[in-house]
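This report describes how two chains meet. Please look at the sequence and the model before reading on.

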Amino acid sequence: MSALGNTSGMVPNPMHTLKPSGNLRRRQLTSRLFVSLTLAAAGLAVAVLLILVYYAAKNGASQLSFSFLTAQLPAPGGIVPGGGMGPALAGTAEVILIATIIALPVGVLTAIYLSEFASRRIGRVLTTALEQMAGLPTIIVGVFIFGLIVQRAGPSAIAAGIALAIVEVPLIARASIESLRRVPGTLREAADALGVARWRTILGVILPTAANGIITATILAVARAAGETAPVLLTDQPVVSQAYQLDPRHTVATVPVEILQLLLSGTTSAVDKAWGMAFVLMGLILLVNIGARVWLRRSERKRGV
Amino acid sequence: MDKVDRRANGALKWLALGGGALVFLVLLAIVYQILSGASGAFDKFGLAFIFHKNWVPASNQYGAWTFVYGTLVTGVGSVLISTVLGVSIGLFLSLMAPRRVAAIIGPLVEMLAAIPSVIIGLIGIYLICPFIKTDIEPWVHSAFGWIPIFGAPQPVGNSIFAAILVLTIMVVPIIAALTRDLFLTVPGELRDGAEALGATRWEMIRGVVIPTTQSGIVAAAVLGFGRAVGEAIAVAQVIGGVPADPLNLFKGGYTGASVIANTFTSPVSNLNTSVLFYIAAILLVISIGSNLAAQRISRSFGHAL
């Protein structure tokens with residue numbers, strides 16, 4: 001080793017050799033430098049997250065009140081002060097409900113097909129299709145539903161729900177496949193040995209065992225859909241009423257699009273409202289994310305997976 | 001096996017196949033819908049549309065070049081930064097951090113990906129753009145001004161550069177999560193072997209971890225590129241919305257996804273809508289292409305990303 005080169009010719013001195021010098025010292029410094037750079041990168045990401053949360057809270061928390069959460073939307077134009085996010089919250093809930101009613105069965109069935117039935121070849125094609133769907137820009141999904149539905153039947157909460165379902169399906173399916181594959185093979189073998197029919201095994205043994213993972217994936221997909229702007233913007237606009245409008249055959253207000261509209265009008269009062277809504281939306285999404293992860297971890301620990 | 005079971009087995013199989021088939025059909029329908037929507041503009045302008053610079057919707061002059069330019073520049077720029085940061089974070093989380101620290105920082109980085117794009121854009125407008133204008137631009141210009149892309153600071157903070165930073169916030173957590181899982185697949189014996197031979201931590205990473213995961217890192221970067229290219233809302237809020245292709249990144253620009261988000265619901269003519277479909281088709285090609293490339297790279301080298 002070159003690091004020992006410095007000591008050649010010297011009487012071996014334990015105190016001396018323990019201390020890296022010369023080349024080894026340089027190598028260790030380089031190593032330490034790069035290790036601390038990776039730490040710095042991780043620290044930077046966490047710092048950015050904290051700055052984003054803090055900044056949204058600083059600008060939005062003052063808006064928070066029961067009446068803000070329930071009141072009708074601010075008047076368009078942003079000149080008349082007042083207004084809240086009630087219809088937008090309700091509309092977002094409605095749209096993601098429609099999306100999830102469609103996406104949950106499709107996603108889970110796709111996952112069951114892939115993990116239980118598909119041949120290798122079809123499995124590969126379908127996995128590729130799911131990955132393509134997951135990587136699809138959400139604005140493209142909006143353009144697609146616009147062409148498919150809005151151009152024929154007009155914009156509506158249903159159109160937005162279908163668009164968001166396309167966003168949710170690959171998220172639910174891919175995570176469900178993971179948890180279906182994590183079901184221990186021994187369970188399946190035990191069921192087979194007892195002569196249980198395939199469908200009973202799948203519905204009665206495998207699916208319940210994987211349920212926690214599937215539920216978590218669905219909750220995370222819902223949180224993701226709740227924050228999506230682009231697909232809803234193209235399929236569920238314009239919203240004319242400031243009042244609660246929840247008929248799914250017509251447009252409903254949603255929080256992300258409402259934030260965008262308020263920003264466009266640009267007045268101080270409108271932007272304040274936008275911050276309030278952003279704070280609420282971000283808070284809900286982050287809490288749901290944290291909650292789902294904690295719940296999954298605890299339930300897995302309990303089962304000893 | 002009795003008759004009921006046999007029927008139920010078949011029913012479940014066909015139901016599951018139906019779910020998978022639906023995914024496939026939706027994907028085909030998306031491609032068909034986007035292409036057929038774009039056909040009007042394609043017939044009129046042909047492929048030259050992609051390289052034409054004029055964009056005056058009021059007088060039916062359309063060319064996509066400024067959007068293609070903005071899309072590629074913001075995509076490449078943000079992926080370059082995100083790959084360096086994301087891989088560093090991935091290294092930190094997988095190989096450097098004590099398990100407890102990684103268990104806290106990992107989910108925090110993932111939280112960053114959960115923040116809705118409209119909120120990142122909102123913070124981009126009020127925090128990042130002003131910060132870029134008053135602090136980053138003058139500093140970068142004085143230090144690196146000899147590189148033409150860091151030209152004269154502009155009076156407005158909304159710029160291609162701002163879009164790159166905002167996209168970086170959104171892509172870093174994706175690359176970090178992908179590469180963390182990737183680095184965890186490097187066999188422990190290889191790492192231990194390198195360290196037993198006297199390699200420092202950094203030498204072990206550079207000599208063993210990075211070479212064995214190279215293709216996976218590239219695949220993660222390509223996936224990040226696909227994501228960056230498709231982001232519409234946050235980019236629309238900070239890029240300035242100027243159909244131009246400036247070399248100076250501190251000037252305003254536009255991207256394909258953001259021009260669709262901004263103008264799709266208020267077209268000036270049917271041709272305008274068709275042109276936006278054409279831009280969506282270009283985006284779709286870039287997105288599908290990068291997803292397939294990422295898949296192929298990671299599969300052909302045996303990394304399942």
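## Helix 4 of chain A against helix 1 of chain B

At roughly what angle do the axes of helix 4 of chain A and helix 1 of chain B cross? In this predicted model, the two axes cross at roughly 115° and come within 7 Å. Since angles of 65 to 115 degrees count as roughly perpendicular, helix 4 of chain A is therefore roughly perpendicular to helix 1 of chain B. The crossing is left-handed.

On the side of helix 4 of chain A, which spans residues 86-117, the contact includes A:Val106, A:Leu109, A:Tyr113 and A:Phe117. Helix 1 of chain B contributes, among others, B:Lys13, B:Leu17, B:Gly20 and B:Val23. By class, this contact has 11 nonpolar, 4 polar and 1 charged residues.

## Helix 5 of chain A against helix 1 of chain B

Helix 5 of chain A (residues 120-135) also packs on helix 1 of chain B (residues 3-45), with the axes 10 Å apart and an angle of about 50°. These two helices are therefore oblique to each other, and they pass in a left-handed crossing.

Residues in this contact include A:Leu126, A:Leu130 and A:Met133 from helix 5 of chain A, and B:Gly20, B:Phe24 and B:Leu27 from helix 1 of chain B. The contact has 7 nonpolar and 2 polar residues, with no charged ones.

## The contact between the chains

Chain A and chain B each give 69 residues to their contact. On the side of chain B, helix 1 supplies the largest share, 20 residues. The residues on that side divide into 49 nonpolar, 16 polar and 4 charged.

Terms used: Residues are numbered from 1 along each chain as its sequence is written. Chains are lettered from A and ligands numbered from 1 in the order in which they are written. This is a predicted model: local features need pLDDT of at least 70, side-chain atom pairs count only at pLDDT 80 or more; totals for chains, interfaces and linings use all residues. Axes are lines fitted to C-alpha atoms, for helices over the stretch in contact, and angles run from 0 to 180 degrees between N-to-C directions. Helices (H or I, at least four residues) and strands (E, at least two) are DSSP runs, numbered from the N terminus. Angles under 35 degrees count as roughly parallel, over 145 as roughly antiparallel, 65 to 115 as roughly perpendicular and the rest as oblique. A crossing is left-handed if the near helix is turned anticlockwise from the far one by less than a right angle, and right-handed if clockwise. Two residues are in contact if their C-beta atoms, placed from the backbone, lie within 7 Å. Ala, Val, Leu, Ile, Met, Phe, Trp, Tyr, Cys and Pro count as nonpolar, Asp, Glu, Lys and Arg as charged, and the others, Gly among them, as polar.
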